[in-house]
Each structure stands twice: as structure tokens, then as C-alpha cells.
Amino acid sequence: MQFHHHGYVSGDPRIQPAAGTGVDRPEELPDEVDVLIVGSGPAGMLTAAQLAQFPDITTRIVERRDGRLAIGQADGIQARSVETFQAFGFAERIIAEAYRITEMAFWRPDTENPHNIVRGGRAVDDTTGISEFPHLIVNQARVLDYFAEVAAHAPARVSPDYGWDFQTLEVAEDGEYPVKVTLVRSAGADEGTEKTVHAKYVVGCDGARSKVRASIGCTMAGDRANHAWGVMDVLAKTDFPDIRTKCAIQSHDGGSILLIPREGGYLFRMYVDLGVVPDDDNGQVRKTSMEAIIAKANAIINPYTLEVRNVAWHSVYEVGHRLTDRFDDVVPENVGARTPRVFITGDACHTHSAKAGQGMNVSMQDGFNIAWKLGHVLEGRSPQSLLSTYSAERQVVAKNLIDFDKTWSTMMAKKPEEFDDPSELEDFYVRTAEFPAGFMTEYAPSLITGAATHQGLATGFPLGKRFKSAIACRVCDTNPLHLGHQAAADGRWRIYVFADPSPAGAASPVAGFAQWLSAAPDSPLAAMPDGLDDDAWFDVKVIYQQPHEDIDINAVPNAFKPEVGPFRLTNLEKVYGTVPGNNIFDERGLSREGVVVVVRPDQYVANILPLTATAELGEFFARIHSGARV
């Protein structure tokens with residue numbers, strides 16, 4: 001973490017100085033805003049935390065509840081989400097309080113006594129090193145708390161406006177604030193009072209019954225699996241030996257349980273199979289009592305017993321898989337004719353079962369995707385056409401998730417005798433580990449993702465997929481660090497320059513690239529307005545092939561040592577060398593002739609180019625940075 005470059009900081013450096021709209025931020029919800037976020041769930045709070053980094057943008061988030069969420073229904077945190085938490089600065093703290101999944105146990109009927117269950121196998125959660133971050137279980141409410149803290153401590157000082165219920169919206173064809181939103185006070189002394197807010201953009205993060213979705217004419221399409229599950233978070237006395245291990249439990253004829261230990265050492269969650277729902281059920285299964293669910297669980301785990309002492313939360317749900325045909329307000333006949341003004345995220349545009357642990361995780365990536373794009377468009381960094389990439393990118397991700405969840409949910413509901421092999425469920429869990437961990441997202445070529453023409457120069461950084469971090473040694477302080485962990489969620493593009501074999505200071509391709517970056521009119525740095533820090537829009541890092549002790553930092557080109565802050569101090573933390581025995585060039589398949597890897601603000605690889613392809617890189621950014629302030 002860097003601070004002091006604006007003067008001495010004696011307090012908590014995570015609390016950034018208020019700036020722009022964060023200075024004297026009005027307590028009351030204003031009549032006009034740049035971005036109105038509806039709903040303070042995971043997607044909404046991440047969107048707020050990201051936009052709070054843009055101090056010149058007026059962002060407000062409305063929530064119909066009268067305060068913070070106390071008990072969340074979601075709890076699974078995939079490694080991709082923890083990578084995202086690292087970018088927002090709270091990964092270490094949330095890891096410390098979370099339950100960490102390292103293995104999953106698979107229980108099945110005893111072949112000698114089928115009415116009893118036995119442990120049939122174990123599967124390591126991440127056998128291939130998909131991520132350096134763990135798979136966690138932590139209450140959704142705590143995730144929201146952390147994002148709320150980030151948003152409140154960011155320059156724009158964004159915090160939720162509780163007690164406002166969204167009613168409807170209308171989008172005008174023109175005007176500075178074309179989206180007219182009607183809200184009603186849902187809490188407080190003035191409950192029932194109506195208010196109109198005019199916004200430039202609206203992001204609907206208001207759940208499966210989304211009113212924002214209804215307002216823009218989107219409908220959910222899909223199916224139900226006609227299978228019900230009872231879910232509860234409980235404190236219990238039990239002799240089941242794997243009560244603190246994630247388990248898939250299949251009984252002979254009583255159904256199955258997905259058991260997930262919760263944070264804190266005692267609490268655990270059970271998804272208890274309630275069986276097939278008849279077509280004429282008319283919602284009766286949802287009235288299944290807590291006592292009936294507990295009895296069902298005891299029948300499944302025989303010969304073990306479960307004495308529930310306390311229930312923190314419980315519900316009954318039927319598995320459903322539904323998806324909207326678009327994630328914004330632009331109907332198909334208007335695609336290309338206008339850019340979107342309203343967006344929907346998370347459960348508002350895709351729903352699925354909870355057992356794959358994807359709902360909160362995918363929703364947060366929806367928010368990350370749209371938030372930085374809104375920030376860039378509203379600040380004038382990018383054209384409005386950038387916003388059309390949100391629906392195009394995220395709908396594909398949601399469709400892939402639903403397809404995966406259908407398979408996983410169907411397998412979880414099968415009876416043991418319906419499997420061709422007793423270990424089929426376990427094998428599927430191991431074989432598909434990269435998907436539920438959140439790493440199968442791969443964005444297609446677009447305005448912000450280049451073609452794979454030069455993929456061979458960096459085989460370990462697939463285009464369109466998230467930037468998989470690796471260790472390099474920071475030269476100025478000799479610290480070996482994960483390169484990706486140094487990229488904060490601050491809205492900046494990353495340009496990683498992996499140097500050719502020449503030493504720093506020598507005439508070389510990397511020196512020529514640095515000269516172009518600093519001085520050429522088609523360099524992306526040339527597009528930045530005057531008065532900003534040299535690295536305000538682009539975080540450029542160089543990684544030399546030599547170990548740190550062989551790199552003369554004074555010989556490193558100034559393009560990799562930007563001047564920042566009012567005192568124009570030199571930032572030396574962007575120069576890296578390799579770590580012997582852990583060489584990033586070898587680990588990520590990087591060309592020894594050098595390569596440039598461009599990474600989007602939401603951590604996805606956007607382009608891979610040779611050091612000599614400066615014209616191509618300049619053209620790539622010219623398309624993205626050619627807007628005017630909205």
C-alpha cells in the first residue's frame with residue numbers, strides 16, 4: 001500500500017481523503033445523480049465500492065431495508081471472489097474470519113448395510129493450483145460489510161441510502177439525466193413518501209423479483225427442476241465425524257444432503273433433499289416445517305444422529321434455472337442505434353440453485369464488470385459504446401453457469417443406484433473444479449479484448465481470462481510479491497511489460513517501448529488530461545529477466561518510474577525482477593524476446609502484443625479512450 005505521497009499520513013491509510021463529490025456529501029438523497037444503484041446486495045455493494053473510487057461521479061445506492069443486512073442466505077466464496085477482495089483491500093481480513101474449504105468428503109450407502117452411510121472418498125478442493133487464494137465460507141452479510149467499508153472510505157464517500165423502495169423508471173430519448181426513477185420511502189417517520197430521482201444511469205441489483213428488470217421489459221425464461229430442498233443454518237450436537245468438512249451425503253432411499261461448515265467453528269449449513277415436487281403441488285412443499293427437515297436429515301445420515309440446538313435461518317426452495325435475454329434496456333431492434341442507460345445484475349437477470357455456490361460470486365463479477373465501465377464513460381475516458389459490452393459479456397457467463405448448475409443439481413438429486421459408478425459425483429467435482437472456482441470465464445474478442453494473434457508470447461495469460469498472478473521481485477525494496485496482488489480496484493488499466501533479455505539501460509526493445517510510451521502522440525499516456533499523476537489512468541509495470549540485484553534502478557526508463565502527487569515524487573514500486581527458482585517467465589509461458597500483457601480494470605487479460613507492436617497497442621487504446629465527459 002502506498003501513501004504519504006500527498007503528505008504525511010498519521011491515521012488509517014485505508015481511509016482515503018474525501019474528494020470531489022465526497023466532500024460535504026449531502027445526507028439526503030439528491031434529485032439528480034450520475035449513477036443510481038438499486039439494491040445493496042453483493043453486486044450492488046461492489047458496484048458502489050468501485051464507483052466510489054471516481055470522486056467526480058455522483059453515485060447513490062438505495063435499499064428498501066432500513067439498515068444493513070443481518071443474516072445473508074449466500075455463503076460460498078470462490079477463489080475468484082477472494083482475488084477480487086484482494087483488489088479491494090480486504091482479502092486477508094475476510095480470510096481470517098472465514099471457514100476455509102480444503103477438502104470435500106463424499107458419503108454413500110454402505111454396501112454391506114445400505115441403510116447406513118459410509119465415507120466413500122475425499123477430494124482435495126484445488127489439486128492443480130488454480131489460484132493462490134482459498135475457497136471460503138462466510139456470511140453474505142459480512143461480505144457486504146467489507147464492501148460498505150471500502151465505499152465509505154473511498155474518495156467519493158458512498159454509503160447506502162436505506163429505506164427507499166424502487167417503484168419504476170422511465171428512460172427519455174435525450175437530456176442530461178434521462179432516467180426518471182420513482183422511489184417510495186419504506187422506513188422512517190416519512191414512510192410512504194414518494195420521491196423522483198433523475199439519473200444518467202441506473203444499475204438494478206434488486207434480486208430475483210427485480211422491479212428494475214420489469215421496468216425495462218426484460219422477462220426471465222427457463223425451467224424448474226421439480227425438485228425441492230430444505231436449507232438451514234444450525235447449531236447441533238452430533239456424532240457425524242465430518243461435521244466440520246464439506247460433504248456430499250447420499251443415502252440409500254432417503255435422499256441426499258450437501259453439508260457446508262460455516263465460519264466461527266460451530267455453525268453449519270445443510271441442504272436437505274425433499275424429493276421430487278408433484279406438478280399439482282401448488283407451493284405446498286415450501287410449507288415443509290423445520291422439524292420435518294431435521295427429521296429428514298437424521299434419516300439420511302443414519303447411523304449417526306443430529307440433535308439441533310439452534311436454527312439461525314431456514315428456508316425451502318425449488319431448484320430453478322432462469323435467464324434474461326439481455327442485461328440492459330436496449331431491445332434487439334435498437335442494438336447499435338443507441339447505448340444502454342439501465343443495467344441489471346445478479347439474480348435480477350440469472351437465477352439457479354444455491355448448491356453450486358455461484359450466486360453471490362457471479363453477481364459480484366457482474367458488478368465489477370459494469371462499474372469500471374460506467375466510471376470510465378462518465379469521466380470521459382471512454383466512449384459510451386463501452387457500456388454495450390456489459391450485456392454481451394455477462395450474459396454468456398450466466399448461460400454457462402446455468403448449464404453447469406443444471407448438471408450439478410441433477411447429480412446431487414440422483415439416487416446412488418442411478419450412477420454408473422459410485423465415485424461419479426466425486427469425479428465430476430474434481431474434473432470441473434475450475435468452473436465453480438470462478439475461473440472459466442473467458443471473454444470473446446471485442447472493443448476491450450483483443451484477438452489471440454500473439455497468444456503464443458504469453459501462454460499462461462489466456463486472452464479474455466482473469467490475470468493469473470505469479471511472483472516477481474520488486475527491485476526497490478527486494479520484496480518477492482505476487483504481481484497481481486499489487487493491482488488495486490482503482491479503475492486503472494494495467495500494462496505489464498515483460499522485458500527482453502537486455503539489462504536495464506541498454507538499447508533494447510523494452511527501452512524502445514518505454515520511449516514510445518513516454519513521448520509518442522499515439523501512446524495511451526498521451527490521452528490523459530493535464531494535471532493528473534503520470535500513472536492516473538494506466539498502471540505500467542516492467543518485469544526484467546534478471547534477478548533484482550542485477551538491475552540498476554537508475555538505468556530503468558522513466559516510463560516505469562512515474563512522478564506522482566503534488567510533490568512529484570518518483571514511484572519506484574513498478575520495477576521488478578525475477579525470483580530464482582520461481583521465475584515468472586517460465587511459470588506463465590512468457591516469451592524471452594519480451595511481451596506486453598494488457599489487463600482490464602476488472603482483472604481480465606485484454607491484449608497480448610510484442611514489444612515492437614506499439615502502433616497496434618496505440619490503436620487498441622485509441623478505440624477505448626476516445627470519449628467525452630457524459
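Which residues does UniProt list for "domain: Phenol hydroxylase-like C-terminal dimerisation"? The unreviewed UniProt entry gives residues 441–625; positions follow the numbering used here, feature names are shortened, and annotations may be inferred rather than shown by experiment. This is a predicted model: local features need pLDDT of at least 70, side-chain atom pairs count only at pLDDT 80 or more, and totals for chains, interfaces and linings use all residues. Residues are numbered from 1 along each chain as its sequence is written, and side-chain values use heavy atoms, with hydrogens and water left out.

**Layout**

**Interface of domain 2 and domain 3**
- Contact (heavy atoms within 4.5 Å) links 5 residues of domain 2 with 5 residues of domain 3.
- About 340 Å² is buried between them, 41% of it from carbon and sulfur atoms; buried area is the accessible area (1.4 Å probe) that two parts lose on being put together, summed over both.
- Ile130, Glu132 and Phe133 supply 83% of the area that domain 2 buries against domain 3, more than any other three residues.

**UniProt range**
- Residues 441–625 are 14% helix and 23% strand, as DSSP runs (H or I, at least four residues; E, at least two).
- The end C-alpha atoms of residues 441–625 are 25 Å apart.
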